[in-house]
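Colleague: Please show the model, and then we can go through some local geometry.

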Amino acid sequence: MFLINCPYCGERDQSEFSAGGEAHIERPKQPTELSDDQWAEFLFMRKNIKGIQYERWNHTHGCRKWFNMVRDTSNDKIHAVYKMGEKPPVK
Amino acid sequence: MKKYSIFALIKNAYTYHENWQKAWRDPEPKKEYDAIIIGGGGHGLATAFYLAKKHSMKNIAVVEKGWIGGGNTGRNTTIIRSNYLWDASAGLYDHALKIWEGLSQELNYNVMFSQRGVMNLAHNLQDVRDLKRRTHANRLNGIDAVWLNTNEVKKFCPIINTSPNIRYPVLGGTLQRRAGTARHDAVAWGYARGADAMGVDIIQNCEVKGIRRNGDRVEGIETTKGFIKTKKIGVVAAGHSSIIANMVDLKLPLESKPLQALVSEPVKPIIDTVVMSNAVHAYVSQSDKGELVIGAGTDAYISYTQRGSHDVVEGTLKAILELYPIFSRMKMLRQWGGIVDICPDASPIISKTHIKGLYFNCGWGTGGFKATPGSGDLFAHTIANDEPHKLNADFNINRFVSGDLVDEHGAAAVAH
Amino acid sequence: MLNYNSPILDSKNYSGLKISVIEPIIKINLRGKNRDFITKIGKELSIIPPTEANTSSGNENLNILWLSPDEWLIYSNNKIDFKNNNSLEDKLFNEISKVKLGAVTNVTDHWIMINLKGEKVFELLSGGCPYNFNDFKNLKGSVTQTLVNHIDVIIHNKDINDLNLFVRRSFSEHLWSWINDGSRFI
Amino acid sequence: MSKNLRITNNNFIDQTSRISFKFDGKTLYGFKGDTLASALLANNIHLVGRSFKYHRPRGIMTCGSEEPNAILQIGNDSSMTEPNTRATEIELYEGLEASSQNCWPSVNFDIGAINNFFSPLIPAAFYYKTFMWPANFWKLYEYFIRKSAGLGRSPTEPDKDIYDHRYLHCDVLIVGGGISGIMAAKTAAKNNLNTVLIDDKNILGGTTLFQQNECFKINNSYSNEWLKKEIETLNSFNNLTIKTRTTLAAYHSYNYLLARENLTDHLDLKDKKDKIRQRLWKIRAKKVIIATGAMERPLIFDNNDRPGIFLSSSIKKYIDFYGVKCGQKISLFTNNDSAYETAISLNNRGVSVNSVVDIRDKTNSLIVKQVEKLGIKIHWKSSVINTNGYKKINCIEIMKLSDDGTAAVGKKINEECDCLGISGGWTPRVHLFTQSGGKLKFRDEDNVFLPDKSELSQISIGSCNGDFELDEVVKNSVNLTNKFLNVNNNDYENLEIIASKEIDKKNIWLLPSDKPLGKTKPFLDFQNDSTANDIKLALREGFKSIEHVKRYTTTGMATDQGKLSNMHALGIIAETAGVKMGELGTTTFRPPYTPLTFGAIVGRNVGEFFDITRKTPIHDWHVKNKAEFENVGQWKRAWYYPRSNENMHEAVQRESKAARDSAGILDASTLGKIDIQGTDASEFLNRVYTNAWSKLEIGKCRYGLMLNEDGMVYDDGVTTRLSENHYLMTTTTGGAANVLSKMEDYLQTEWPELDVYLTSVTDHYATVSICGPNSKKILSKVIPNLDLSDKKFPHMSFKNALIDNIKCRVMRISFTGEHSYEINIQSSYGKSTWEKCIDAGKEFNITPYGTETMHLLRAEKGFIIAGQDTDGTMTPVDLQMDWIISKKKYDFIGKRSLYRSDTIREDRKQLVGLLTDDPKEILEEGAQIVSETNKQPIEMLGHVTSSYFSPNLNKSIALAVLKNGKKLKGQKMIVPMKDKKINVTVTDTIFLDKENKRLNA
């Protein structure tokens, strides 16, 4: 069970959170302009990184806020958390 | 290859078993192969086996980062069944099941395929609808699944708590009698031994570091044992598929997540079938050794650590005790995790890619073991002919673009 | 005539623990993002909504609990009669929602407030709550949202060993039952 | 206790309180403080079990959790019996009944022992090579294999015991209450850290507790006496929690640890009831200090498994701690100094030691000299090469070792004995460290794996960190602890320590024999019966990796998880393969450290607490009125209300008819309700729903369909515009949480610019839905001052109202096609409002109906239920709801996906109605639809999603999805059942009141 530092509430047990997958995949502003391929890229294709990954988490059972996390998926170490809209910390 | 049998055992007993042949060689990679399979799990080894056996491709190699069968092959709960909803899935998994039925003989290696039946339980009205739907579809597809009412469930597996007073009472279930379990290690080892005997090089401790390509076709792989030339690469790397794909800037619709399982201490036979429950999320069988083999769920986050959260294990055992309160004093002996590559539609990919000579077999999620022989056979066909077999045509990568998904969430969601 | 009904009626005494339901009281959810919103609430209620995480503010009538950077829960200390009193909700709705400063939502019956009192309260909660109360228990007025026995709750540290716990109404009987079951073992 | 195996002067066993227990049906006696193992030994019982494969007689071998042989069935009660319990760990209690496992008819005469004679035929992994002929016989073979495998028996009735969980947060957790752990705990507590010390035994002190030997002294006291005083000082700290009988089971990342506390296992049978048996502690520690000590290794030689063969340190513990002699004529066999401690202890207690067989050439450490002084014979540079005695050892065979240690040479000496203590050195217990993700390093000098790097805030101290000498243990533990906690505790500076230091080391993983290897049985994994030969066989057959060898031979996979066997397996592999041990790596130690009861993992989450039960404010009324309930997610919903002897069908037919003929009432409180406010609320709805919202008038309601981004229907519900910037959205019961969470996700991450606030009000409102031609009359009685005229209060609109001065919202919306109203009132008044409606409706025969009737009524109207008529593969177009997709809106969730090459196909599966040719025939939900059954394979065109007998139409009706269904209206289809074919006709989805006249009836 991770110990996650919610950027709003502080350190909490993982059970209060839910994971939301890869971060920084912006929803296309003009989906109708996209080809099926490009839309599929947004919809389904993922980097699925082994190593440093930027990902979304939600403090579901706390403040209900979404935030971003930098986590190493090869050892589950959390390197940083930051609020939505904030710039990701540089690698 | 010297044949295994009781007579061979007797003969070798006289020489204190000093003279058994190696199950497979330990070769250094050649400069070039006609095809290379990346990933020495059950699926990869089966692919090599069928390439050699059915497509006369003998100059092939299986390269494995660690040791063969050490990934999900050796970490799953070994459930084998084919009672899937959609025609495409039913075709694929039943193809595999048919091969399982003669696999020990085909490989001359006892994979202990035990057709002890698999039951899927229904706990709410929608479960009943979904499972009946599957049973009807199975029947018309020639798959031997039948619907059981609660009493019949109890009769088939008396230790299930079918009281109407539990939180989610058992409202019935389906039973596929041909389904069952097999010995996971034996599958990998049997295929390895069979493939090796036909000349396939199985190269362990050889990690792929890159894929060399020339324009739109592959030329070979860079490995920790040097460059190996080839025109065809079949990637069967399960949880690590995306990593190989990223080497050629290919993105796959996959997420690799932890899936946990556990076994109890061994006890005398107490449950002689496999019981799965989606809604209450518990599935259990008993191994030949006597351990209860229990599958837990996946975590929602990506991880390559082969560990998952304790909550998942707790949730699973909670469900086990709800359905089998007699197991409360049993003890968990060992728990472990695997990395499962999950597709958005809970169906696999067995497909060519836009890069010539590069093929992917992945996305099996939580339920790949059961498909091992079929997956190997169909992937071998796809690689050998550069065209899918009709049984895996629907499992192409392009379905994520067109939207023609094979949505098996209902049948496979947590099911394995 | 409409009758008032609470899902839990009684209160219970255990050694080192007293649990009781305190209803009916008013509960109002506040949402707002900017400074004007805070100022306006402060003016209307004479209490400034806390901006520091996991804290609360209040006076003898009302408490405001921090729930997130743009969300607060107001609850009243005193029981009220709904048949003759909707003024707080109306007032706030008119002063906040109507003028587009934020959102005011009546959640009076969305939550049930259970009071837990006694030196065993944290031991009781530790039976099913992953939250670390070590600092919380010493900070009067601290607030947390967390899980107790897998159920979402808001906990307000009213006083030493005196907690108000908010649970959604439809979950309340289950949680109540769980608390009573757990009280046997503390 | 006939043989006088019990020493009388002993501090740890209370010889005044005698305890009776049963072993294999025979009544025996022990004392308070005994383990089952020590009590059995005091009764001269060594043979306690049979091995897994060869059914060889096995005896107690250790005194702790690494015990491979003495695993017993405890209790006979079918609900409380416990298989595979280690006799060395279970404390003796009055009423304990234990029996041997894996033997028949008895442990003394076991038919299965015949396997031992077949052992040449059944080497490691033999089963992969046989049982393949004839092909269909595996089932039969397997039946017999299964019968003979397994150890104990599972209970067959539900457990009556209670288990519990506790979360615990601390600054420092110390695992292990031996000398290192105690010093660390004192250091942490003294420095005001919130400290927890746990130990799996019933008292603190570890092995130092009974180390009363001239060779080991601290400040001029025996080390046990010094430690005893230290332990006493721990009581003075309020910030130190000590938990004994508590085993650390798992060490996960982020310093999350699980520990199992045994609370009643040691109590007399009569005292166990109604108490928590075991409690699982879920510990989150800022810092963790592992002080778990080390385990003694066995030695691997021919027939090293006979009853009477012990680890030498266990013999010491049995005599020093339990006051039990493991034998009267004891021999010792060692490669290090520890066995000499045992020799001295035995000698002090008057037990004769035959000799010490030592593989080393000669050594002169303090303790060895002392043993020599006692006149005990030492066979230097020698090895035990074989043992004799079937059910108990009676003789050992000793030979000299060749210079290189690979052969036994010279004359064979036979030495009679009734007990053999073996010591192969020590293995630090690094299990927890590796579980936590820590990496190990290898120390060549004494062949141990030691903790190296860890990502977590933790250290290992004492012998689990490779310190085996008393002075080093003390010095290093203190230094490491001070540094780790960043404190300076100088209590332990300037301690005067006397300690015998081991000078010479020698190790031979597989000791030689005078026989060919193939004829010997040098056991590695005692429980799984795997020998050194098995390891070598695996290597010969090409299994190279340690994981392969382990799996092929099953070494290390028994209930002790290889605690005793792993190091030797690694050593033999390294030796055979000619690689360095450090380079070979280890197998992964997986949690739990010792087997963990399912009950403890689950805690109180059983029965009532297996899952949350949610109830509506009107629940009690439904119960009182005999409703049957349906589980919908975690909710209990009234399913139908049978009267007297009605079955479900009859009840539903009656309810359905009443709702259309006069009036029905439904508790719809479980629907998700979300309060939406903000200046961009309309725009937000435009984006999340497929249809347009900006122009919805205030006071009006609209049905909305929500898609996933993949274009498939996700949820639906009616949303009401309460004011300019204020909406109330309803969702399906099951979808409520997910819809809110999904909308929050979009708001916070994709559209933060929108001024919108979402608040769940699901539980705030009770929803009472009344429908039917008389609903208006009933409502007018409930809320007399509300104008219910169609003009003032038309279909799809809402009004604020008061009932008895309580505010409520009344929506005129319909899921049944009838004229109907939904009253939303704060939940405290829900039940009362419901009762008021029932009262008011009495004269109209108002009939409460449940979810089943609701489903029937909506099916008559062709309304879908998301999740029943859709399955995540249906678009709105597939549902023939093209009208709900706004053509004007630029974008909404899922829009783009509707135009992919597959989603725009016109022959997709589409929602249709089905009528059976025989109107009495009710289709089965889930049944498949085909156009013909003669051609193989049969092509399945779709399936039945909803099916009912409609009392209002007096015929059966069904909804289905059908390939190209839109174009197949009027066509005949077949629903093939197992035993018959049902002929159906494809129809429109609306079966009743196509013109919607009833809405305004």
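This is a predicted model: local features need pLDDT of at least 70, side-chain atom pairs count only at pLDDT 80 or more; totals for chains, interfaces and linings use all residues.

Modeller: Residues are numbered from 1 along each chain as its sequence is written, chains are lettered from A and ligands numbered from 1 in the order in which they are written, and side-chain values use heavy atoms, with hydrogens and water left out.

Colleague: Are α11(D) and α13(D) parallel, perpendicular or oblique to each other?

Modeller: Helix α11 (residues 532-540) and helix α13 (residues 566-577) of chain D pack with their axes 10 Å apart, at an angle of about 45°. Angles under 35 degrees count as roughly parallel, over 145 as roughly antiparallel and 65 to 115 as roughly perpendicular, and the rest are oblique. The orientation of α11(D) and α13(D) is therefore oblique.

Colleague: Is A:Asn48 buried or exposed, and why?

Modeller: A:Asn48 is found in the loop between α1 (36-43) and β4 (52-58) of chain A, and has a positive phi of about 55° although it is not a glycine. Buried means under 20% relative accessible area, exposed over 50% and partly exposed in between (1.4 Å probe, protein chains only). Because its relative accessibility is 0%, A:Asn48 counts as buried.

Colleague: Which class does D:Asn447 fall in, buried or exposed?

Modeller: D:Asn447 lies in the loop between β26 (440-443) and β27 (448-451) of chain D. Its phi is positive, near 55°, in a residue other than glycine. With 15% relative accessibility, D:Asn447 counts as buried.

How values were computed: Axes are lines fitted to C-alpha atoms, for helices over the stretch in contact, and angles run from 0 to 180 degrees between N-to-C directions. Helices (H or I, at least four residues) and strands (E, at least two) are DSSP runs, numbered from the N terminus.
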